[in-house]
Structure formats: C-alpha cells, structure tokens
Amino acid sequence: MAEPIISFKDYGFQYLAQASPTLYHINLDIYPGEKVLIAVASGSGKSTIGSCINGLIPYAYPGESTGKLLVGGKDPARESIFNLSQIVGTVLQDTDGQFIGLTVGEDIAFALENDCVPQKEMKKTVQEVARLVDIDHHLEYAPHELSGGQKQRVSLAGVMVEQVQALLFDEPLANLDPAAGRATIELIDRIQERTGAAVIIIEHRLEDVLWRRVDRIVLMDEGRIVADLPTKEFLTGEMLVDHGIREPLYLTALRYAGVPMAEELEPQHVDSLRLSAENKEQVRAWFRENEPSRKAEAERQEILRVENLSFGYTPEVQNLQKVNFSIREGEMVSIVGKNGAGKSTLAKLICGFEKPTAGRICLAGRDISGDTIKERAQRIGYVMQNPNQMISKPLIWDEVEMALLGGSMSAEERKERVEETLKICGLYPFRKWPVSALSFGQKKRVTIAGILVQRPQMIILDEPTAGQDYHHYTEIMEFLKALNAQGFTIVMITHDMHLMLEYTPRAIVFSEGELLADTTAAHVLNDPDLVDRANLKETSLYTLSMACGVEDPQEFTKRFIAYEEAHRKRQEG
Amino acid sequence: MARVAILNYIKRPSLVHELTGTTKLIFFIAWSVASMITFDTRILVCMLVIGAVIFRLSRIRIKDISVVLGLAAVFLLLNNIFIYLFTPEYGVELYESRTLLFAGVGRYAVTAQQLFYHLNITLKVICVVPVALLFIACTDPSEFAASLARIGVSYRAGYAVSLALRYIPDVQREYTNISQAQQARGIDLSGKDKLFTRLKNSVAILLPLVMSSLNRIETVSNAMELRGFGKEKKRTWYTARGLKRNDWLTIGFAAAILAIDLMVTFWDGSRYYNPFL
C-alpha cells in the first residue's frame, strides 16, 4: 500500500492560551487519491484539525503538540509553512477574506509570484488552471464582480497552481447558496479525477457533500475521532444521530419508516438507493399512518406589511422590484434566495437604513415611512451576521443595557428590564462576565439580548448561523425557537435549506430582486421550477418520495417535519 | 454601500492610468522634491499649471477626492495661521525689505513680504497634494506594490501598503453597516447630541470596526502565508508591465522639471525668488 500523504499518530494539540487540549489522541491516515469527509460535531476542533494539516499550526497558532504528525512524510513543526503549502493546498471558508489579488488572474497567480516564476510562464499556468475550474473567461474581474461560487473557484485555482498532492477544504459550503454549493461539490469531484490529489473536506452538511462520491467519513466530537469508516458503513450506523449531526434527510425518513439500514441499500446517495418493493411499501405505509392532526391555526394579527416596495442603490439597477408580503405576529419566517437576490437590502429598507424609491412599509397598520432608524428600532430589531460587528462594550451587562441608555427609563426600570432580558436569553448567570469570555454562540445571544432589551415586536436576523459548527448552529436555532415560542416574531435571512425546513414553517423566496414565492418551506423545496429559479436545491425527501411512489411529495415533507418535531419532543420529555 | 469614497484607486481609461506604477512613482518623487526645494514663485506657478493639466488628463474628478482635498485645505489653513502667529515677520527677514500694509496689533503687522511668503507656502502645498492624490487614485494597488519593489523598497512593505489601500472601500462599507446597526440600538450620531456624547458614541462603532478588521487581517494573512508569501527575498509580479514610450517620456519630463527647478533655484544662490529688491 502507498504511503499516506497525511498521517496522525496519537496526535494531540493544545493552544498556547488554553487550559486544556483541543485535540486528543488523533489517529488518522489519508492516502493519495482518497476523498475524506471530516464532520465535526462540537468543540473547536473544526479549524484546529485543518490548521494542523496545512501548517498554520504551529506557524501562526503556537501551542503544545503530542504524538506524531507527518504531512507528505514531513513534520509540519520542522518544515516551513511554505514547503507545506506545496504539498497541501487549502481553500479557506471565507470566500471574500482569502481573495488577495485585485483581479481573478492576479489572485490565481499569487503563489506563483511568491515562487518567482517568470511572468510569461505565470500567465500560461494561470490560464491553464483557470480553464480547469472554469473561470478562464473572468480573469480580468474584480472580487466584487464575482458570485460566492466563482470566488471559491478562484481560491481553488489559486492553490492548484502549485500542483499540490492534497486539497483541504474548510467548510466549502458555508457561504454558498444551495445550487452554488452543489456545483462546488461537483467541481471538487472533477478536479480530483483530473489531478488524483487527496481531498479532505471539513463540513457538517453531510447530505450536500455526499452529492458526489466520498470514500470515507471521519466523525469528530470534543476533539476526538469517534468514527472513521467507509461511507456506506458509516451511514448504516447511528453515529450521526448519537453525536447530534444531521444525517441525510432521506436516511432519517427511511429510519422512521422502519426500513432496516444495510450497506446493500447503497445509502450514500438518494439516487443510488436500492429499495426493495417491500421497503417502498414501508415508506408509503409510514406516510399513510402519519396523517397529522390538523390544528386550526388561530388567526393572528398582521404585524408587518410591505406594499409595492422598490429600491435601487443606483437609478440604473433595481435591487428590489415591487415587493409585497406581510408577516403575522408570532411567526417564524425564512427569507431565502441566492446571493445578491435582494434579501439583505429588504432588511435594510425595513429598518430604515435605506429609503425605498417606491412603495411603503406598515407596522401594525401604521405607515412607518417617515420614522427614523431610532424610532423603528423600538419595534423592529436587526441582528447582524457576525456578533463582532455589534459588540462594543467589554461587559455583558453594559452591552445589553446600551440601547436603553438614551431613553426615558429610570435606573431602576432599566435594571429590571436588563435582568429580565438576560433571563430570557439564558445569560443571567453570566451577567457580570466580560464578553470576551464567551463562546461565539453565547456572543450571538448577547447581541440578540442587546436587541430584545428594547422589546421590539419583531427581530430580523441576517444569516444567524453562518460559519458555525453544528453544535453552535443547533444552540442558536433552538434559542431562537424558544424565543419564538415566547411570542417574538422572528424573520431570518438565510441560504441554509435545512434551517428553513427545520425551523421555519413559512418561506419567502427572492430572486433578482423579485419576490418569487411566499409559501410553506416544504413547498419551496418540492417545486422543481421554483428550486431552479431561486438557485435552491430540492430536498432528498422529494426524490425519495417520488422513488417510493408516494402520491404527494410535498405532503410527505410536511409529515416528515411534523413527525420529527414530535419525535424530538418525545425524546426530550 | 459606501457612498463617500475617501481615497482609493479609481479605474478609468486615461493616459495617466496607462503609465506603469513605477513611472508614476518616479514622477511623484521628482515632483515632490522639486516643489519642496524651491520657493521660486515662477516655478511653482508653472508646476501648478502642469499639475492642473495632468489632473485633467487623468479623468479623475474633483468630487472623487473631495473629502481628502477638504482635509488638506484645513491643514493648509491651520499651517498658515500658525506660521503667522509664531513668525509674523519671517517674510521681512527673508526678503530683506518691509512694505507695511496694515499696522495691526502689537507685533502682528501685515506686510507684503509676509503675505508673499504665505503665498509661496500655499503654492507648494497646492502643487504637491493633488499630484499625490492622483498618484494613489490612478495606480492599481497591486501595481503600486510592484512599483515600490522595483525602486528597491522591500516587497513586504510594499504589499502591506497596497493591501491597506485596497481594503479602504471594504472598511468603509463595514463602517456603514456597523453604524446603521448601532444607530438602531439608539446610538445617535447625528448632530443632535453634544460633542462629548458623540465622541463617546463613535467608540460604539469603532470598537466593532476594529474587531472585524482584525478578523479580516487574520484571514488574509493566513491566506497569504498558506500560499507562500514571504518565502523568497524577491518575487515576480503578475501585473508588472514593461516601460513603454510614454513612460520614458514621462520620466524624462520629470527629470527635466527637477533639473530646471534646481537650476533656476540655485542659479542666484538662493531658494527664494525675491521681487522686492
């Protein structure tokens, strides 16, 4: 057997500033030409294992390591990061942040420039690699002229100019809309076939990565490897459920239907499933049995109404065109659509950061077009994507209290309000803590508390879970769900389809500045035409129900979600 | 969307843009030296006219760089005020004559010589500042780094400067986003509050801005290291261009300006053109 390109032997790592290790007893061999998915359930091991492989540890992040690690037969601690970069090419998660050059061509050439490759040869290599990732017609483009998926292609090309033996992808799907994510997975597959490099993908969106062949899945939890198995074998087990990672939806559905998991089922892809007639009948039977009890939804009051709203940053381009919709009190709604579809612009208009060119926005029946940002903020809260963009006080208490200081409340009233808010957000025990001592998910809570303290009728969150590992993702979403249960109206801008399906009954879909659909989340992902136009991706539940001959795929998805929620409640209770 | 661009590269088709970064850098250095050395009003006026022509050729509009121009004007004014406050008779000393215009208060008289001295100071600044701004606005940041490297500056330093220039628009956009979100939390930045409160409030924006900029720096420096930045003593440049005819003409022109400047200035052994004697 060939030598492994990456080999961890009882490896452990502890960051300089931390009290306990982040990685424990890692044993992992990755061979040339393999495609390995590393799923990290929780803990900060996600970026750590990647940094060990590409040499950022110990080069940029010093710490103490134990055991042995070899990359391309070399010890990263002794090699310079530059030598390692010729063995392992890394595509980071942040598609904007890693764009160094000012144009596509220049960015791809960056590594060659550092190698002192003559200009003529450099241009030739850039051209070749750009063709490989299908970006060769955009060499003159600046980063802001590219979509998220295109930027990622550029990053990939930028590491491929080095003829690396292994490609490392850190959450390649995090910043992409579903269709672009799918294209990325296809591209990675093509590249691997072409170059034969080992591919390591760190990602917790399993189903999306499994869109193309994966040889092996490694599951990590709390800094340890808990499973390292060939894909088929891995998926037949219950490791994912046990460690709180979302398994592919079609597998969960099969499990609910009582179909026994086996490797012969070919569980790695919804299209490869080999279901017997009996299995199919099991799925249909489950569908029939689980007719949900239809609760009559109480007619709720309308809280926000958007009428004929249009807007453009410049007169030539319309970022939003004649948008109409309304939100009712106590709803939890997703706003979805591809990058640049106008989702964030809509939020800015609602909060009053930008003025619409036409149309109006009503809050509880009153036109708020004339209200200032501050006046609107009393009733509509806006939470930015990254908590670091909002936190401006060193102490949690001060941060949460900030929005009240300009108002007319007495000190006593303020104290009461802040305490109450901290309790709602589960932050009361930490009230005296500095913000810096909190985890990312907790910081997010602090920013949400800082908004809730004004008691808005509605909060809008921009990509609430972007860049989070599955543990923090669940933590944030369950928190939002609890808030919603307490009566807060919640609107989320997202391109995470699982989030939409699991947490929001209703979805508003945007494309090219137009409202395409305003319907149930289940419907959105079961309508192939809509899926196509909004750059989304249909759910595997749709594919599964079609394959099993269920007459109403949309209803199948709905029943699945209802069953899942009841199932979760049963487990908790 | 940042509406107010403070100072960044503005891509437009023009003769000035077409010159290589190296040419522009050499021209800019020669030009600055020339205007720093001389106090000869005739030369300064000539340079002012040439500067105006170059500005026209560059297709950069005044409003593109109005913010920095405004700042420069404020500093120029302050500079003039302080010179007058500390040395109201410096012109008299310099030009060895005294033409009194107003008697003024105490030592603060107004003399033609002092005014002429102030005129020269002002002319010098007006000569240099627009050309400096033009240099930044017309030079592709990556070429900027390449041109610094070419004249011998370490490419690491050059790249740092060019990255900083490049991120100005991003940081401006981030600033707008953060300030909007903070205004929604009751931070008032409009003119209504007192100056002290406003200063205190601006910290509420600056802290998150610094934090997110630090994050950005961490990401980009990791990305750069992972792709071998700093490996060798030298590096090559994808965007580097060879000098063309216009480049050589421009460099020649810059040399001529500097030569004439030095000649005229030192011909009579004085940096000052004195119309009073």
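How many residues of chain B are in contact with chain A, and how many residues of chain A do they touch? In this predicted model, 41 residues of chain B are in contact with 49 residues of chain A.

## The side of chain B that touches chain A

Three elements of chain B each give two or more residues to the side that touches chain A, namely helix H7 (141-150), helix H8 (155-183) and H9. The largest share comes from H9(B), which supplies 15 residues. By residue class, the side of chain B that touches chain A divides into 18 nonpolar, 12 polar and 11 charged residues.

The model as a whole scores ipTM 0.81 and pTM 0.84. For chain B, the mean pLDDT is 86, and 96% of its residues reach 70 or more.

## Helix H9 of chain B

Helix H9 of chain B covers residues 195-226, and at 1.5 Å a residue its 32 residues should span 46 Å, which agrees with the 46 Å that separates its end C-alpha atoms. The helix is followed by B:Gly228, whose phi is positive, near 80°.

## Overall form of the two chains

Chain A contains 23 helices and 19 strands. Its radius of gyration is 25 Å, close to the 25 Å that the globule rule gives for 573 residues, so chain A is as compact as a globular protein of that length. The C-alpha atoms of chain A fill a box of roughly 70 × 60 × 50 Å along the principal axes, and 49% of its 573 residues count as buried. Among the contacts in chain A between residues at least 6 apart in sequence, 69% join residues at least 24 apart.

Chain B has 10 helices and 2 strands, arranged along the sequence in the pattern α-α-α-α-α-β-β-α-α-α-α-α. The C-alpha trace of chain B spans about 65 × 55 × 30 Å along its principal axes, and buried residues make up 33% of its 277 residues. Of the contacts in chain B with a separation of 6 or more, 75% are between residues 24 or more positions apart.

## Strand S8 of chain A and its partners

In strand S8 (residues 216-221) of chain A, 5 of the 6 residues are buried, so the strand is largely enclosed by the rest of the structure. Strand S3 (residues 35-40) of chain A runs parallel to S8(A) and is joined to it by 5 bridges, with A:Ala39 standing opposite A:Leu219.

Strand S9 (residues 224-230) of chain A runs antiparallel to S8(A), and 6 bridges join the two; A:Ile217 has A:Leu229 in S9(A) as its bridge partner. The hairpin of S8(A) and S9(A) has 2 residues between the strands, and in this hairpin A:Glu222 takes a positive phi near 50°.

## A loop residue, A:Pro434

A:Pro434 lies in the loop between helix H16 (411-424) and helix H17 (440-452) of chain A, and A:Pro434 counts as exposed because it has 12 C-beta neighbours inside 10 Å. Leaving aside neighbours within four places in sequence, A:Pro434 is in contact with A:Pro394 and A:Leu395. A:Thr357, which is 77 residues from A:Pro434 in sequence, is 43 Å away in space, C-alpha to C-alpha.

Definitions and conventions:
Residues are numbered from 1 along each chain as its sequence is written. Chains are lettered from A and ligands numbered from 1 in the order in which they are written. This is a predicted model: local features need pLDDT of at least 70, side-chain atom pairs count only at pLDDT 80 or more; totals for chains, interfaces and linings use all residues. Helices (H or I, at least four residues) and strands (E, at least two) are DSSP runs, numbered from the N terminus. The expected span of a helix is 1.5 Å times one less than its number of residues. pLDDT is the predictor's confidence in each residue, from 0 to 100. Two residues are in contact if their C-beta atoms, placed from the backbone, lie within 7 Å. Ala, Val, Leu, Ile, Met, Phe, Trp, Tyr, Cys and Pro count as nonpolar, Asp, Glu, Lys and Arg as charged, and the others, Gly among them, as polar. The radius of gyration is taken over C-alpha atoms; the globule rule is 2.2 Å times the number of residues to the power 0.38. A residue is buried if 20 or more other C-beta atoms lie within 10 Å of its own, exposed if 12 or fewer, and partly exposed in between; C-beta atoms are placed from the backbone. Two strands pair if DSSP finds at least two bridges between them.
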